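Subject: Structure for you to look at

Hi,

Here's the structure I promised to send over. Have a look at it first, and my notes follow below.

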Amino acid sequence: GGSLTKLAYYSTVQHKVARVRSFDHSGKDIENEPLYEISVQEEITARLHFIKFENTYIETCLDFIKDHLVNTETKVIKATGGGAYKFKDLIEKKLGLKVDKEDVMTCLIKGCNFVLRNIPHEVFAYQKDSDTEFRFQTNHPNIFPYLLVNIGSGVSIVKVETEDKFEWIGGSSIGGGTFWGLGALLTKTKKFDELLQLASKGQHTNVDMLVKDVYGGAYQTLGLSGNLIASSFGKSTTADKEFSKEDMAKSLLHMISNDIGQLACLYAKLHNLDKIYFGGFFIRGHPVTMRTITYSINFFSKGEVQALFLRHEGYLGAIGAFLKGAEQDNPNQYSWGENYAGSSGLMSTSPDVYPLQRTRSGTFDMLEMDRLERPLVNLPLLKDPSTYIPDTVDLTDDAMARKYWLTCFEEALDGVAKRAAASQPDSMDALERAEKFRQKYWNKLQTLRQQPFAYGTLTVRSLLDTREHCLNEFNFPDPYSKVKQKENGIALKCFQSVIESLDSLGWEERQFALVKGLLAGNVFDWGAKAVSDVLESEPQFGFEEAKSKLQERPWLEDSYSQWLERLKEGPPHKCALIFADNSGIDIILGVFPFVRELLSRGTEVILACNSGPALNDVTYSESLIVTERIAAMDPVIQSALREEKLLLVQTGSSSPCLDLSRLDKGLAVLVRERKTDLVIIEGMGRAIHTNYYAALKCESLKLAVIKNSWLADRLGGKIFSVIFKYEVPCK
């Protein structure tokens, strides 16, 4: 680019992963042996990295490439933008590679499509005078069509209809270069950023002629407010005085922004488009330009169209050029996830950002994207994917909630670091890595205190996910693996007696006992401090003790009577999808008896567990072993597995929360094939922190025990209050 070089590269990353597998128990006494074997193995995953360098440090950038270029077969480097011409000879000479220049606009659009598809909180609207300047948008499952307004030296307006179909529909020679050039002539300031700095301090009304200057007030006939600009620089024709540099820069900024805003609005209306994304060096995350563009679009569209900006706007060209070079490996066939541990946030000044050089001239310094094992898609049963918001509380907006949860995560940090170190007793450097993890996550939390919008909308889910990413970075793939192994073993020994006790009850009594068991199982959550304190200090705390902790009916949210009525009066459900939560007592003594009852009613069951570890949540591979053991004890489960009426699947997630818009494609296919008509979401992370308000096309049960006193208070209850939410969609 004109002032920054953006570099995109692909690497393979060695990660430690926790694996579980059944012991071969043939002919052995298995009474006192662990349920399964846990091993930590090395796994190689793919990662995309994006870094910025100032062009004055182009040599540093090329040294960086040289040092990191391990694939000696690479003969060509893809480049786009003005610098691809300017630095071509230098790059070829220093790196010994051929520079392959790619079309700027094609790269921009490829990059734009990629971030829109893969980063849930990529898009934001700018609101200067609200508590949070950045209002993040939910990604619409269908990103097309949209208008891309690229404001570089001039303005290009491009209509994007599909992945490969786009057309330049208009533009203007009055753009960022005009602001810079005229600004330099007016103020004698040669640097773009300094010019914007002047504009941010200026008062344009000293230079611009307003409607009230012409008409003495508002022009009522045309509905024009008195404070509207009637003529940019209009006062300079009559006033016999010098104008300040700041005021002239501000007037110029308004003049150009308003012109671009009106053009963009007219093109959007002409082509019937309601999504306009702005990019280019004129924007580059500068609050002052985002504010003037937003005002202009709002004014000319009468509030019907919103100006939208992109968190990673500066990288679009580099991402696009990279994708062009990687076409044979087609990165678009995969889903990618932002790695919060290795990415610096919007407007970030975090100290752990890449040490090579700290430029403040762009909004973003580093971005890392991890390739996910499997493609992620929407749950087909979402009522309206375009309006689905997973998270219940937006901490970016809610200052009180934000302060509470950030403090909560800070206070829990020492315990998490200790648990991580203790999970690898044979490792010489576990303590050192745990301390590095603690420091890294602490820095992230401090950044989020200052800039809650750094990674998009701040939520309990994003705080949990960032913690998991940081644990993984320092090779703690599953700190709770031993805890889960032990709890699964203990719970399996109680399974038969729990089933016998349930089978001895009458039908109605049994339904209530099953729900109570499901809720009691949900108490066993090492992620909740109130529970982990009890589990640490009272090792004998078990299923019956958990039942006694539960709130008596009526519960805080209680539609149990409607659920019972549905079971009595309605036909059996065709297929139930259950999102499981914790391992041990939760899945074995809570979920499985419930699954068994559904199967006995003639309902097929899809049991969905996390693909990767998070806290003490049960993983897909653990669920396979647990289910195999239960099937050996229980003929109902055994025949359901054999006849494929009970199916175990992975969610595609490694989070204690649940985003129904990013689920494993295989799960979505199965949900459609089996005509799923009941969704059961259990647990505080999946049913309260996320999906509390999620609307589905079919019946749903959301149930959880509130194990956090602040959250209980927020929802109008006490700790261990019960949420039992049975919802039927409106016809």
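By "buried" I mean under 20% relative accessible area, with exposed being over 50% and partly exposed in between (1.4 Å probe, protein chains only). Helices (H or I, at least four residues) and strands (E, at least two) are DSSP runs, numbered from the N terminus. Keep in mind that this is a predicted model, where local features need pLDDT of at least 70 and side-chain atom pairs count only at pLDDT 80 or more, while totals for chains, interfaces and linings use all residues. Residues are numbered from 1 along each chain as its sequence is written, and side-chain values use heavy atoms, leaving out hydrogens and water.

In helix α20, the buried residues are Glu622, Ser623, Ile625, Val626, Thr627, Arg629, Ile630 and Ala631.

Now for two helix pairs. Axes here are lines fitted to C-alpha atoms, for helices over the stretch in contact, and angles run from 0 to 180 degrees between N-to-C directions. Helices α12 (residues 430–450) and α13 (residues 460–473) have axes that come within 9 Å and cross at roughly 150°. That is why they count as roughly antiparallel (angles over 145 degrees; under 35 is roughly parallel, 65 to 115 roughly perpendicular, and the rest oblique). Contact means heavy atoms within 4.5 Å. On the α12 side, the residues involved are Phe437, Lys440, Tyr441, Lys444, Leu445 and Leu448, and they meet Leu463, Thr466, Arg467, Cys470, Leu471 and Glu473 of α13.

The other pair is α5 (residues 176–187) and α6 (residues 192–201), packed at about 75° with axes 10 Å apart, so α5 is roughly perpendicular to α6. Gly176, Phe179, Trp180, Gly183, Ala184 and Thr187 of α5 make this contact with Phe192, Leu195, Leu196 and Leu198 of α6.

Next, the loop between α9 and β13. Serine 301 sits there and is buried, at 1% relative accessible area. Neighbours within four places in sequence aside, serine 301 touches Cys265 and Lys269. Lysine 302 is in that loop too, but is exposed at 73%. Lysine 302 also has a positive phi of about 55°, though it is not a glycine. Asparagine 475, in the loop between α13 and α14, has a positive phi as well, near 60°.

Finally, the cis peptide bonds: one joins phenylalanine 144 and proline 145, with omega about -10°, and another runs from arginine 553 to proline 554, with omega near 0°. These stand out because most peptide bonds are trans.

Cheers
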